[in-house]
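Thanks for coming. I will go through one chain, starting with a term and then turning to the details.

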Amino acid sequence: MDLNFSNDEQAFRQLVRNFIVHNLPDDIRHKVTRGLSLGRDDYLRWQHILHAQGWGAPSWPAAFGGPGWSATQQYIFDEESAAGGAPRAVPFGLKMVAPVLMQFGSPEQQQRHLPKILAGEEWWCQGYSEPGAGSDLASVKTRAIQDGDDYIVNGQKTWTTLGQYAQWIFCLVRTDTEVKPQRGISFLLIDMASPGITVRPIITMDGAHEVNEVWFDNVRVPVSNLVGTENQGWTYAKFLLGHERTNIAGIGIGKRELARLKRVAAQQIKHGKPLLQDPLFAARIAQIEIDLMALEITNLRVLAAEAERRTPGPEASILKIKGTEIQQAITELLVQAVGPYALPLRRDAMAEGYDGEQVGPDDATALAAGYLNMRKLSIYGGSNEIQKNIIAQMILGL
Amino acid sequence: MDFTFHDEQNMLLETTRRYLGKDYDFAKRQQIIDGFSATAWQGFADLGLLALQVPEADDGLGGTPVDTLLVMTAMGEALVLEPYLASAVMATTLIAQLGTAQQRAALLPALLDGSLIAVPAHDEAGTRFDWTQIATRATPMADGFVLNGQKCLVAHASSAQLLLVSALLPDDRIAVFGVPCTTAGVRLVSYQTVDGVPASEVYLDQVVVTSDALFDHAGTALADMRDRALAAVCAEAVGILDKLLAATVSYARDRQQFGVVIGKFQALQHRMADMVLHCEQARSMSFLAAVRCTDADLAQRAAALSAAKVVIGQACRFVGQQAVQLHGGMGVTDELIVSHYFKRLMAIELQFGSTDQHLEAFAAQLKAA
Ligand SMILES: Cc1cc2nc3c(=O)[nH]c(=O)nc-3n(C[C@H](O)[C@H](O)[C@H](O)COP(=O)(O)OP(=O)(O)OC[C@H]3O[C@@H](n4cnc5c(N)ncnc54)[C@H](O)[C@@H]3O)c2cc1C
């Protein structure tokens, strides 16, 4: 057994690190490391830089323009990106719809969309959830009825992350109401500019506009935008949900935020000493750091096992639960670290170009919003309760 | 032992609840800009709630901390934004306890009828909100004082007319000064905290006040005020915890996934059962805090209040987070009251000493049996 990265992998890490140090714009790094608001352009600017380097889609095979990296290389890339203060790749195009298109899409769909996704020219969003279909996705009701060369789509999607920026949405739609719910679902690509689509913001408790409702009122979608076979959408949906493995635990983000926590705790003074040296607080940080170490090794074990058998297993649920718990715990400690100064909720001060008066320590500006926003981690992408059900069923056979 | 409230107390709770239920529902609350509604404040005055902490000798109701507990519970249930705690509990108690006959006559009637809002300005940056640390200075001059310093996170300063500023006199004695917000040299930088409450950084630069602004020998009174406030905020938390539990259970009864209501999933049932445990432990400690917050035995008082704050802080965290979690996506929206309860609980966790601070304080007084 060897728990070290190989020499090649370490060289690769150095390469990525150097690239990020020299190419990530300072203003973006500043926002990411301080937890300030990122806009559409911040994501796109970074995607364009990565694309120019040939790293626009770390998880794609070379045949589609990816760098052809191993799972471990992708993992290292994610980790270094996060640690270096790069924005997360917006997953909906690159990591969600793209693999589905590669596996099940027509050559026309692949040619039409993949290069644009890679180049950061097409922003995608995910239209799975509906008001009545959250954890129970198979109960989606949005209807698509064929009419000549088109489907006519009616219904409502919700929680659509960053849908306000998107040119395209991939949707689960019901094409057969007579069969078992899982059997009558299709996977449809819909141009957001189509007549009949309305996007309405949902404001979350941190005051952000990150999610949306999307309404479809007699929207005409060419049948050629159907992915794969009609009524096989559930298979593709499950493929997609089980696909993203290297980054699900968020180890890199965890490390970056842990470093931030230590930085803040070193600057805060308690009983005349840095809070970082306070025994109770130090123990709380230590616990998180230890949990993160264990998760990192677990994550690498899962990647190694998958590389061998080439299919993702239910272990991703372990990574998701533990990774989100750790990230949430860090935001809690950040709030504790600055005490009441974490309470001001000032979206104005988090926004681009704010030059008004600061309140409290510099690092405190985004802490309240960060803690509130991170509550979502245990809810979306299959809630942590659902992940535990998966562990019970798939790992324990209960 | 007696855990009942007497008739007048039950009536106090019911009238407060009834008023808030009717005139302060969530929709109305959401329309209150900058955290203050003059109509609601007048309503509180009309109900006598602003007179609760005013001694009978000063024409008030001379209420006990248990009365405060009941009102604060109702305030929590309705998520009241107005400075009831800051002005009607904290400032009023402080003035009643420290004021000369003249000062009381000048201020208490106006606090009681709602025409005056006063808030304490005590905390300072860099102290981690240790109540014994003050750097603001008061320098005597002919017929008055000059104040210099900075107070932070002063809740409701922007709605108040009078700030009760703590400061050190030249001999390091703590005093409080009644400083009208409009005094030259007072500058506020205002913002909102997560719970929707307006707060301010208050900068005092060569602020001149007259001698009758002085409330001398304030150390004990400030500590008493803090202890009453801590007990009050525990009661407020209990009001919120109950509402969040009820909202979550009712959501779990209605929300269907996989063809059944989610309340049928045992994992969620047990989670809600744990919420019940936290709520009941918190309620018990809110009673203890109310009864002990004026205790003459200071060690016993401190231990009880710290223990209460720990139990309640932990309940705030668990019940708040689970309420959001069990509401799924709906839980994180601004549109449901759930997230607003959650945010108030987050603030309460940090007010008057965090869970960890009180855990340490409690641990520091442990003795071998
Ligand atoms: C910030 C945010 C962004 C999102 N972005 C997107 C997006 O871009 N696209 C998209 O399609 N969706 C998105 N979602 C939706 C997300 O996937 C759903 O919120 C999630 O699947 C949960 O569904 P729900 O909200 O309907 O909760 P429900 O399914 O109603 O669940 C409520 C509670 O019950 C629990 N529960 C449900 N079933 C069970 C069970 N069988 N056993 C035990 N417990 C159970 C849940 O864990 C949860 O605690 C997003 C959500 C959020 C909060």
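A residue is called buried when its relative accessible area is under 20%, exposed when over 50%, and partly exposed in between, using a 1.4 Å probe and protein chains only. Helices here are DSSP runs of H or I with at least four residues, and strands are runs of E with at least two, numbered from the N terminus.

This is a predicted model, where local features need pLDDT of at least 70, side-chain atom pairs count only at pLDDT 80 or more, and totals for chains, interfaces and linings use all residues. Residues are numbered from 1 along each chain as its sequence is written, and chains are lettered from A in the order in which they are written.

Let us take one helix. Of the 14 residues in α4(B), 13 are buried, so the helix is mostly covered by the definition above. Just after α4(B), Leu79(B) has a positive phi of about 55°.

Now the whole chain. Chain B contains 11 helices and 10 strands, and 58% of its 369 residues are buried. Its C-alpha atoms fill a box of roughly 80 × 55 × 40 Å along the principal axes. Take contacts, meaning heavy atoms within 4.5 Å. Among those in chain B between residues at least 6 apart in sequence, 73% join residues at least 24 apart.

Definitions and conventions. Heavy atoms only, no water.
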